[in-house]
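Dear colleague,

I am passing on the structure below, together with some notes on what turned up when it was examined. Please have it open while you read.

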Amino acid sequence: NLAKQRLPSYEGLERYKLLDKLGDGAFSNVYKALDLETQEKVAIKAVRKFELKPQQRASVLKEVQIMRTLKHPSIVQLKGFIETKGYYFIILELCQGGELFHQIVRFTYFSEDLARHCVRQVAEAIQYLHEEKGVVHRDIKPENLLFDPIPIAPRTSAPPPTQPGDDDKEDEGEFIEGVGGGGIGRVKIADFGLSKVVWDQNTQTPCGTVGYTAPEIVKDERYSKSVDMWALGCVLYTLLCGFPPFYDESIQVLTEKVAKGQYTFLSPWWDPISAEAKDLIEHLLCIDSEERYTIKQFMNHPWMRTSSTLLSTNN
Ligand code: ADP
Ligand code: MG
């Protein structure tokens, strides 16, 4: 395979064998790796320390600290953390299916049932974050929603048909199906780089304060959860039609559109989509954050309560 690039070898990371590159961030590279102690495959986010300002270093540590407290089937699990002179290595549960974004591209758009299935899993994670952990993610978008497909065992009678250029899909003979194929996987929230603890679940107060907090701060922190709900609305919109609610080539125009909440259910793409789905999106993409649906209201909306015909074997 010509495309296979050389993988670096990092000092201090001897426990893992890098297998593949999964993605790049501004200050990081993400690899697929084998944990030589457990023989388990993991994802490793290698963050280059020397490019970071002290404040950015602190935020990587905060990302890890927040992830440490989280355990949910729809949240990428933190498995370890290694700091060396030059790097932070964040060891994560591997999501073999890659970004949800790529699944959208693959299918153009999702059926309402499939969109509901995906968005419900994201919403369950948000509910856990908001209601149990007092955490706001603040960077929910298709690139940070990863997809963990259910591996389908290779057929014993005949091998799965191979297509040209398909030979690299899986390295150990597992037959991985996409979200719309024979198996339906799990969607997981990743990238807690911008996340923040806003609300202490035990004391029901904003974090780190004991009663001198001004009302606008208390209010602000409460409503900051609504940024995740706006983003969830954008994700749902995108899943249903294949393009985002707000887009413009010019950043200025785009910013203006978002600020005014200027989006439409563009014909003909939105014509076949149910009124309930549109109603739910309208309650998420509303400019007034006090009026915007909370996660609880989202879960109770008729569109979410519609039972789908999809079989979910992974719940
Ligand atoms: P950044 O903060 O730089 O955006 P992310 O944590 O979002 O870093 O990771 C960058 C990309 O790496 C993701 O968009 C995804 O493609 C890939 N990635 C990250 N974590 C995993 C994982 N656990 N499994 C599979 N791919 C991952
Ligand atoms: Mg990211």
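The notes that follow go from the overall fold to the ligand and then to some individual residues.

Please keep in mind throughout that this is a predicted model. The chain has 315 residues, of which 30% count as buried, and it contains 9 helices and 13 strands. Among the contacts between residues at least 6 apart in sequence, 69% join residues that are at least 24 apart.

An open sheet is formed by 5 strands in the order β1-β2-β3-β5-β4, with antiparallel pairing. Since β1 and β4 (78-83) stand at the edges and have a single partner strand each, one side of each is left without a neighbour in the sheet. Direction ignored, neighbouring strands of this sheet are turned against each other by 25° on average. Helix α1 (residues 54-68) packs on the sheet, where it touches β3, β4 and β5, and its direction makes about 150° with that of β4. Within the sheet, β2 and β3 run antiparallel and are joined by 8 bridges; Tyr-31, for instance, has Ile-44 in β3 as its bridge partner.

Leaving aside neighbours within four places in sequence, Lys-32 is in contact with Leu-19, Asp-20, Leu-22, Lys-41, Ala-43 and Leu-94. Of these contacts, Asp-20 is 12 residues away from Lys-32 in sequence, and the two are 5.1 Å apart in space, C-alpha to C-alpha.

With neighbours within four places in sequence left aside, Val-122 is in contact with Ser-74, Leu-145, Val-187, Ile-189, Leu-232 and Val-235. Two of these contacts, Leu-145 and Ile-189, are themselves bridge partners, the latter in β10, and strands β7 and β10 (residues 186-189) pair in the antiparallel sense over 4 bridges. From strand β7 (residues 145-148), Leu-145 and Phe-147 point one way while Leu-146 and Asp-148 point the other way, and all are buried.

Finally, some backbone details may be worth checking. Most residues other than glycine have a negative phi, and most peptide bonds are trans. Against that background, Gln-39, in the loop between β2 and β3, has a positive phi near 60°, and this residue counts as exposed because it has 7 C-beta neighbours inside 10 Å. Arg-138 also has a positive phi, of about 70°; this residue lies in the loop between β6 (135-136) and β7 and is partly exposed, with 16 other C-beta atoms within 10 Å. The peptide bond from Ser-267 to Pro-268 is cis, with omega near 5°, and Pro-268 lies in the loop between α6 (251-260) and α7 (275-284).

Methods:
Residues numbered from 1 in each chain as written. Chains lettered and ligands numbered in written order. Predicted model: local features only at pLDDT ≥ 70, side-chain atom pairs only at ≥ 80, totals over all residues. Contact = placed C-beta atoms within 7 Å. Pairing = 2+ DSSP bridges. Helix = DSSP H or I, 4+ residues; strand = E, 2+ residues; numbered from the N terminus. Axes fitted to C-alpha atoms, helices over the stretch in contact; angles between N-to-C directions. Buried ≥ 20, exposed ≤ 12 C-beta atoms within 10 Å, placed from the backbone.
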